[in-house]
Amino acid sequence: MLKKLLKHEWEASWKIPTILIGVLLVISVFAGFTFAAPVWESEMHGLAFLLVLVWMLYYFAIIGVSIGVVLYLAIRFYKNMYTDEGYLTHTLPVTSHQLLWSKMIPMAAWNVIATVGILVSVAIFGLMAIGFLQPEGMGIWETITYMAEEMVADLGIENMAAFGISMLAVGIAGVCSGTMMTVGAITIGQLVGKHKILGSIGAYFGINTVMQFVVSACMIPFMFNMAYEETDSVFGVLMPSYFIMAAVYIVLSVVLYFVSEWIIRKKLNLD
Amino acid sequence: MSELVNVSNLTMVYDKKKTALDNLNLTIPRGKIVGLLGPNGSGKTTLIKILNGLLCPTKGTALINGNQPGPETKARVSYLPERTYLQTGMKVKELIAYFADFYEDFRPERAREMLTSLGIDENDRIKTLSKGTREKVQLILVMSRDADLFILDEPIAGVDPAARDYIIKTIITNYNENATVLLSTHLISDIENILDEVIFIKNGTPVLQATVEEIREQKGKSVDAYFREVFAC
């Protein structure tokens, strides 16, 4: 049944996020072309203003995609589970676990796809900028290699494998917690009598505050270490804290999952 | 086991103060069309929601085929709520595929026959249909199942008399004799002729469960007239 739920959820939800990401990619190409002619050197102020407008449009498109995809899937989850549509959703012959997974998996997948889409868009924009500007007479790949080496040196990354693993752990945990915070907050909000949407928003900020507090508390010892230890490797000092952060995200996600499942199974009350 | 539905000591209290069902006990047999009748706020919809697993009771149990509401019962219960639950972005044919995917007892050919007889195009999106047509699509989907129990919550409220006749005809022609139809309404005169049994419910408690024949013979009244007498303000 989970397969069928996933199939229908995917079919119903792929269009809007795809359009949003597609539009972002088009805008990034459009914004990249602004480097083709050095209009900032022009004496026509209107052209420079236009340039700023295009970059602002690109900036807001990135924000729009990152927020838009999450918001669209959150609204879809809310409508599908807790409004009139819920009368069908909750009378399907499936378990509450299957229902939750069928919503969480596409949500997490779209979080990843949207992030990849944004990274691709930034890469397009950056590559076009490098390609058109050709800094210091270097080729595109030489420039990228140079910038990557600079970044690695600035962060004091001595062990690339550890860096990769820690970023992957934080990324996976971030996707899990982002998804579960949305699902959990909307579901917890259903316990609040007649003000369920307000309850969901309140729950979201409440959960977020708790999570930030716990993460900050875990980070403090490492911050002290960084302040008092003389080291060139900022990353080396902070790396253990990334794994702790990932663990906090995962624990929170698991707690939110079981709370949500319990509410759906025991406290469901569609208006 | 002759009873299809067995409800015992069922109590539902909303927000710790409003009692919707009060220690309710009843059984519903197989193969009958049963009217769940009561004034507004009597607890009909609450009982129906509990039977469909949309609400958890404060106390007591509701069993269908001996099971608590869950995936097993949902596979055998076809439910028509009093509101439209269809996703407006979906096409009618997508809904048929959706129902066919999830309910093994769903009969797509039966749904298509009914849609054709009503002149509803399968390629239409729900959002392009009128409210009345959406309700008909929903009824067709619900009645195209070979379920053990059909639970219809106010199926004829808010529709015109012609649609009302169509709904009643659909109910009679689409359920098999081993299935039970439990339908709640306060428009009793319209459905009285198709009912085998009635349950009168008041303030969350059943005040009468009898066959239509018993009411007519013992009270010398129609169900509608007797309902008006029992629930007179």
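In this predicted model, three elements of chain B each give at least two residues to the lining of the largest pocket: strand 1 (3–14), strand 2 (18–29) and helix 1 (44–51). Helix 1 of chain B supplies the largest share, four residues. The pocket has a volume of about 1,000 Å³. Its lining counts 37 residues, and those closest to the centre are Asn269(A), Met12(B), Tyr14(B), Asp15(B) and Leu55(B). By class, the lining of this largest pocket splits into eleven nonpolar, 14 polar and twelve charged residues.

The second largest pocket holds about 870 Å³ of space. Val70(A), Leu71(A), Ala74(A), Thr182(A) and Tyr204(A) are the closest to its centre, out of 31 lining residues. Four helices of chain A each provide at least two residues of this lining: helix 3 (45–82), helix 5 (96–133), helix 7 (160–189) and helix 8 (196–228). Helix 7 of chain A gives the most, ten residues. Domain 1 (1–137) and domain 2 (156–271) of chain A each contribute at least three residues to the lining of the second largest pocket.

Two cavities of 30 Å³ or more are present in the structure.

| Space | Volume |
|---|---|
| Largest pocket | about 1,000 Å³ |
| Second largest pocket | about 870 Å³ |
| Largest cavity | about 60 Å³ |
| Second largest cavity | about 50 Å³ |

Which residues line the largest cavity? From chain A come Leu88(A) and Thr91(A). From chain B come Val77(B), Ser78(B), Tyr79(B), Tyr85(B), Phe99(B), Tyr103(B), Val142(B) and Arg145(B). Strand 5 (residues 77–80) of chain B gives the largest share of this lining, three residues. The class count for the largest cavity is seven nonpolar, two polar and one charged.

The second largest cavity is lined by Glu9(A), Leu73(A), Arg76(A), Phe77(A), Lys103(A), Pro106(A) and Met107(A). Helix 3 and helix 5 of chain A are the elements that give two or more residues to this lining. The lining of the second largest cavity has four nonpolar and three charged residues, with no polar ones.

Note on methods: Residues are numbered from 1 along each chain as its sequence is written. Chains are lettered from A and ligands numbered from 1 in the order in which they are written. This is a predicted model: local features need pLDDT of at least 70, side-chain atom pairs count only at pLDDT 80 or more; totals for chains, interfaces and linings use all residues. Side-chain values use heavy atoms; hydrogens and water are left out. On a 1 Å grid over the protein atoms alone, a cavity is a set of points where a 1.4 Å probe fits but cannot get out, and a pocket is an open set with protein on both sides within 12 Å along at least five of seven lines; lining residues have an atom within 4 Å of a point. Grid points are joined across faces, edges and corners, and a volume is the space filled by probe spheres set on the points. Ala, Val, Leu, Ile, Met, Phe, Trp, Tyr, Cys and Pro count as nonpolar, Asp, Glu, Lys and Arg as charged, and the others, Gly among them, as polar. Domain bounds come from an automatic or database domain assignment.
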